[in-house]
Amino acid sequence: MTIVLVTWLVSLEQYEILVGEKLLALFRTMKFTCLSEGRGYYFPPCHIVNISGFRVLFDCPLDLSALTVFSPLPIVTSSLLDEKTSNVSGQSSSNSESVRREVGESLDSKSLIQAEPWYKTVKSLQLWSIYSIDVVLISSPMGMLGLPFLTRLKDFRSKVYVTEAASRLGKLMMEDLVSMHMELRQFYGPEESGCPQWMTWEKLELLPMALKDIVLGSEGTELGGWMPIYSAADIKGCMEKVQSLKYAEEACYNGALTIKAFSSGLEIGACNWNILSPKGSITYLSGSVFASTTASSFDYKALEGSDVLLYSDFTACNDVDSEKNEFPPDTASSYPSDTGSCWETITESWLDSDEYSEEMEKVSFICQCALDSINDGGSVLIPIGRPGIMLKLLEHVSLSLESSNLKVPIYFVSSAAEELLAFSNIIPEWLSSQRQERLYSGQPLFTHIQLSKEKKLLVSPAIHSSKFLTSWQEPCIAFCPHWSLRLGPVVHLLQRWCADPNSLLIMEEGADINLAFLPFKPMSMKVLQCSFISGIKLKRAIPLLKILQPKHVVVPEGLRSHISCWNPTISVSYFSENETVVIPKLNYADMYIAMDLAPELLNYTKVIHENNIVRLKGELLVEQGKHQLVLGKKQVLSSQDRPLLFLGRVDLNSLLMALKKMGMKATAHHAQIANGSETVYTICISEPNEALIEVTASQTMISVADENTASLVSEAVRSTLVCI
């Protein structure tokens, strides 16, 4: 026997009828809003999802690539390392006003903004009420960098979940960012109160178009997303509001959402989220790497069979063109459409095939280029901001030097360096299987401990520390922040080596090189740009979806053509930036009914519209994502004296006939609402008194001026519904 539990009321006293089935459907609706598509590893996407009435924010990043619009410290700090130029003039032109120039003039170092930097946040996030966000889920350390901007607000009340490893790394990155910024604060002086001069429209109009596009965005609407840096106290307050989770540890929010984190393989501590709600299971798939060289591999098996898959990895969209010719031909027909064990074995083997070897080849090539520069008498500068990749390069560069019998010092200069290296050796659950095997065999997870003991690796918190200056030696290899080339030790070292044709700068692809190098031109230094895997490539995206087999998948609009060619049997929705997607309900939530209420299921059941319907009264509880209806403390099971309830859809023709029988003059009209997704039928009553009835698929609204007319209209509406 099918029982439909009626949990809605029809209120006539307030002249509003909420019609049962569609209202319940609205309550079950899940909404997905893409606030930002991001740009790869350093600026992950940001989304808000409404799940079971709770708003969940996925990631809160900063767009640190926008720092390139600012000028770094305009002082020749390489003198700190050069005894011949120890007396440096303190003169600087940074405090003087920028020379007015025509818009569109060719870029040079004077084009950059000579001011203390501000930081670009996700502008669309500021349009949401912070009080309305219930849960924040952080998928990677980079997705955490903008979190203090939220947690310092007085209305912030959200629960923040992040993996233990990502929490520690994110905290180190935020503290290092503040530390590097303080160097600029010392130069520019106290922070300006209110809006800084460079943000006035008069100054913005003078910016070259390339800089203006970064500051204002392509549509000129992103100026409001810029914020001054947070403080160390803000970081401390932020971390106090964070609940860190171990690998696959279960957390329950408000009894309704059960949350788990599984490795995405992108970075140490980076994860995908699995959420169990009363409406089913939801998987949030962020940037993922199947076989990482350092981090724990992508645990996609833990994500199989979810009701809704939110596909937030934009890597496949970015290489639609680059992989056009590499995409497996006839993918849809190469494998059977079912998920038989044979097909799964073939596809899973194909998914894991070459990512690890590809990363190792890149690392080997980088090490060889570094050795070539050292042999030519030059130094090597590596401002890569990924902790996992940096640890891998540090290890392999040292091995390459040893095998080549080169005694060259390696420097790691960062305020977070010492703590990062210490932490990396105590997080085996978030490291690759190759790293974990070292632990089981009694070896350290990384070799930097031994390198430090042998004084092959010199760790320093700052470039001006006495420890660093007294141990300085060239040629050398230096790891340091920041990859934007605007903050931190990299600015000083790049100013020192930019004119040396034998030295080498190793940095990641994706940044605007011409803009990044403006303060250091002319550049004679060699530059090696490399790309590391930051997500699921196009040729693996479709096979992955076939393995995961969600009931409904939400994917970026950029994948529409490829998903359409696949012709999936699962339902698909597509999303774009700053648009909200309504995800159709997939099933009704299960509910456990207490045995004390069971007799009512038999005694008071009515058959309406081929459904068995019964009215139950009790306390509705939600625990571990499950609904429970239990007997209240003062529960009376008798149906006597209970108010009548009505349910069903309001039939327009029946309602018009009922109104005319009561002597009312009524006319009906219909029109589309603004977004075109729902039709509104309007009934205008002119006699005996004026009234208005608006009927949609989700509700019926009655507006009337006097009680007598209200009673007549209510009676007419009730005559078209079913009484229970």
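Colleague: Over residues 75-81, under what value does pLDDT stay?

Modeller: Under 50. pLDDT is the predictor's confidence in each residue, from 0 to 100. For residues 75-81 the model has 18 contacts beyond four places in sequence, a contact being heavy atoms within 4.5 Å.

Colleague: And residues 321-347, how many contacts there?

Modeller: The model has 28 beyond four places in sequence, and pLDDT stays under 50 there too.

Colleague: What does the chain average?

Modeller: A pLDDT of 80, with 77% of the residues at 70 or above. This is a predicted model, so local features need pLDDT of at least 70 and side-chain atom pairs 80 or more, while totals for chains, interfaces and linings use all residues. Residues are numbered from 1 along each chain as its sequence is written, and side-chain values use heavy atoms, without hydrogens and water.

Colleague: New topic. What is the strand order in the open sheet?

Modeller: S18-S17-S19-S16-S20-S21, six strands with parallel pairing. Strands are DSSP runs (E, at least two residues), numbered from the N terminus. Two strands pair if DSSP finds at least two bridges between them.

Colleague: Which strands stand at the edges?

Modeller: S18 (457-460) and S21 (526-530). Each has a single partner strand, so one side of each lacks a neighbour in the sheet.

Colleague: How many bridges join S16 and S19?

Modeller: Three, between residues 380-382 and 477-479. Ile382 has Phe479 in S19 as its bridge partner.

Colleague: Which strands does helix H10 lie across?

Modeller: S16, S19, S20 (504-508) and S21. H10 covers residues 355-375 and runs at about 175° to S21. Helices are DSSP runs too (H or I, at least four residues). Axes are lines fitted to C-alpha atoms, for helices over the stretch in contact, with angles from 0 to 180 degrees between N-to-C directions.
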